[in-house]
Amino acid sequence: MALSCRGVCRGASVVLLYGKRPVGVKASLCTPRLVSTKSSLWFVRHYSPSQARHGIGRSVVSGLKWANEKYERFLQRRFPRFYALYHTFMRGFRLLFQDGKKVRRIVVCMLSEKTDYQNLHYRDMEKIRQVRRDLIKAIPLVILSIPPFANYVVFILMYLYPRQLLIRHFWTPQQLVEFQGVYHTQRAQHHWAIVKGLESTSTSVQDSRLKSRLMELCSKVRSGVHPVVSDVHAVRTLFSGPPLGIRKMYADQTRHLCPLLFLTPRLPAFWIRRRLKSHALELMQLDRAIVRLGVHQLNDAELREACYTRGLNPDRLSPGQCREWLTQWLQFSTHLKESETSLYLHCMVLLTVNYTKQPRH
């Protein structure tokens with residue numbers, strides 16, 4: 001007896017759900033509309049929720065990127081000055097994130113290869129030093145940016161107090177030059193107080209030969225003459241113990257040395273001495289790393305940064321003059337011992353204050 005259309009469709013539904021045709025059911029006109037059993041099983045076997053989530057995530061990211069680009073074009077067209085702040089802010093966070101990744105890679109390599117910090121490449125050591133200082137200064141800014149809509153408050157602070165609150169990642173190239181000039185002017189205000197402190201301390205030196213050499217060195221600097229390395233090495237023993245050692249100096253002298261390294265002098269004297277010593281030792285390790293690398297391997301920007309960090313203002317100096325001064329500085333610093341960090345700090349004044357005033361041939 002022939003099957004009705006209802007029976008055939010019922011049989012087809014059984015095939016669709018279970019992938020098997022019931023006994024006694026034959027193919028009819030409804031059969032071509034059924035989904036193939038093999039294709040259904042293949043789809044179920046190859047369907048992955050993680051792949052679906054990944055595809056949705058890509059779509060969301062691309063959508064957010066498109067909306068952000070449209071928002072930036074709107075700001076650039078309608079509010080160009082605000083867009084400049086916004087662009088500087090976002091660029092700064094990207095640069096800070098990139099530096100953080102670089103430092104993480106350096107630290108991982110140090111741990112995996114069991115390399116000491118003082119044996120690192122100069123550029124790696126300098127990157128770690130800069131990022132550590134930048135992060136200390138950027139922590140309040142990052143915390144302030146966490147709440148919703150707080151970035152608008154940060155924009156206002158960027159506009160009002162960029163030098164005091166922001167790190168170099170959030171400065172424009174013009175601001176970088178301007179602010180470095182301001183910082184150098186601030187530390188230059190302490191130069192003559194440091195020289196005067198050396199002169200007053202010389203009266204307590206028992207050795208008459210060392211006393212006369214120290215007085216001669218101070219008078220040279222006061223008269224505008226740039227001393228040579230041998231002049232400094234002649235009095236180096238005075239800076240490893242009393243009266244000019246890092247632990248024996250007067251508290252006022254240590255406070256005048258703080259601005260040379262952009263450190264606050266508003267701390268107890270023992271803490272100031274500890275910070276001065278640690279920063280000076282770090283710079284001495286960097287000096288040795290430059291010697292291993294070679295001064296000629298530094299590009300112009302690295303030369304200027306190295307001179308600026310060691311107390312010299314490179315704004316009006318050519319790359320050749322910066323290289324000449326840095327070579328002289330390395331001849332002085334690479335022969336110092338750990339106990340002579342006080343001499344290293346004082347020479348950030350003695351070997352820099354008159355360098356730009358000496359005649360050029």
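**Exercise 1. Asparagine 354**

Task: Leaving aside neighbours within four places in sequence, find which residues asparagine 354 is in contact with.

Solution. 
- Step 1. With neighbours within four places in sequence set aside, asparagine 354 is in contact with Lys220, Val221, Gly224, Val225 and His226.
- Step 2. The model is predicted.
- Step 3. A polar atom of the asparagine 354 side chain lies 3.2 Å from the backbone oxygen of valine 225.

**Exercise 2. Salt bridges**

Task: How many salt bridges does a search of the whole structure find? Work through three of them: aspartate 134 with arginine 168, glutamate 199 with arginine 222, and aspartate 287 with arginine 310.

Solution. 
- Step 1. The search of the whole structure finds nine salt bridges.
- Step 2. Take aspartate 134 and arginine 168. Their closest N and O atoms are 2.9 Å apart. Aspartate 134 is in helix H5, and arginine 168 is in the loop between helix H7 (162–165) and helix H8 (173–188), so this pair ties together parts 34 residues apart in sequence.
- Step 3. Aspartate 134 is buried at 7% relative accessible area. Arginine 168 is partly exposed at 31%.
- Step 4. Take glutamate 199 and arginine 222. The closest N and O atoms are 3.0 Å apart. Helix H9 (residues 191–202) holds glutamate 199 and helix H10 (residues 208–222) holds arginine 222, so the pair ties together parts that are 23 residues apart in sequence. Arginine 222 is partly exposed, at 42% relative accessible area.
- Step 5. Take aspartate 287 and arginine 310. Their side chains meet at 2.7 Å, N to O. Aspartate 287 belongs to helix H13, while arginine 310 is in the loop between helix H14 (300–309) and helix H15 (319–333), so the link joins parts 23 residues apart in sequence.
- Step 6. Check burial for that pair. Aspartate 287 is buried at 0% relative accessibility. Arginine 310 is buried at 1%.

**Exercise 3. The nonpolar cores**

Task: Which members of the largest nonpolar core touch the most other members? Which helix gives the most to this core?

Solution. 
- Step 1. The largest nonpolar core has 64 residues. Leu276, Leu326, Trp329 and Phe332 touch the most other members.
- Step 2. Helix H13 (residues 269–293) gives the most to this core, with eight residues.
- Step 3. A second, separate core has 17 residues, including Ala138, Phe155, Phe170 and Phe179.
- Step 4. Go back to leucine 276. Not counting residues up to four places away in sequence, leucine 276 touches Ile246, Thr254, Leu257, Cys258, Leu261, Leu263 and Leu345.
- Step 5. Cysteine 258, one of those contacts, is buried with a relative accessible area of 2%.

**Exercise 4. Cysteines**

Task: How many disulfides does a search of the whole structure find?

Solution. 
- Step 1. The search finds zero disulfides.
- Step 2. Cysteine 307 is buried, with a relative accessible area of 0%.

**Exercise 5. Backbone exceptions**

Task: Where are lysine 114, phenylalanine 262 and proline 243 found, and what are the backbone angles there?

Solution. 
- Step 1. Recall the background. Most residues other than glycine have a negative phi, and most peptide bonds are trans.
- Step 2. Lysine 114 has a positive phi of about 55°. It lies in the loop between helix H4 (80–113) and helix H5 (122–144). Lysine 114 is exposed, at 76% relative accessible area.
- Step 3. Phenylalanine 262 has a positive phi of about 60°. Its place is the loop between H12 and H13. Phenylalanine 262 is partly exposed, at 34%.
- Step 4. Proline 242 and proline 243 are joined by a cis peptide bond, with omega about 10°. Proline 243 is in the loop between helix H11 (229–233) and helix H12 (251–257).

**Exercise 6. An annotated span**

Task: Which feature does UniProt place at residues 135–161, and how far apart are the end C-alpha atoms of that span?

Solution. 
- Step 1. The unreviewed UniProt entry places a "transmembrane region" at residues 135–161.
- Step 2. The end C-alpha atoms of residues 135–161 lie 18 Å apart.
- Step 3. The span is 78% helix and 0% strand.

Notes: Residues are numbered from 1 along each chain as its sequence is written. This is a predicted model: local features need pLDDT of at least 70, side-chain atom pairs count only at pLDDT 80 or more; totals for chains, interfaces and linings use all residues. Side-chain values use heavy atoms; hydrogens and water are left out. A nonpolar core is a set of buried Ala, Val, Leu, Ile, Met, Phe, Trp, Tyr and Cys residues joined through side-chain atoms within 4.5 Å. Buried means under 20% relative accessible area, exposed over 50%, partly exposed in between (1.4 Å probe, protein chains only). Helices (H or I, at least four residues) and strands (E, at least two) are DSSP runs, numbered from the N terminus. Contact means heavy atoms within 4.5 Å. A disulfide is a pair of cysteine sulfur atoms within 2.5 Å. A polar contact is a pair of N or O atoms within 3.5 Å; within protein, one must be able to donate a hydrogen and the other to accept it, and residues adjacent in sequence count only if both atoms are side-chain atoms. UniProt positions are given in the numbering used here, feature names are shortened, and annotations may be inferred rather than shown by experiment. A salt bridge is a side-chain nitrogen of Lys or Arg within 4 Å of a carboxyl oxygen of Asp or Glu.
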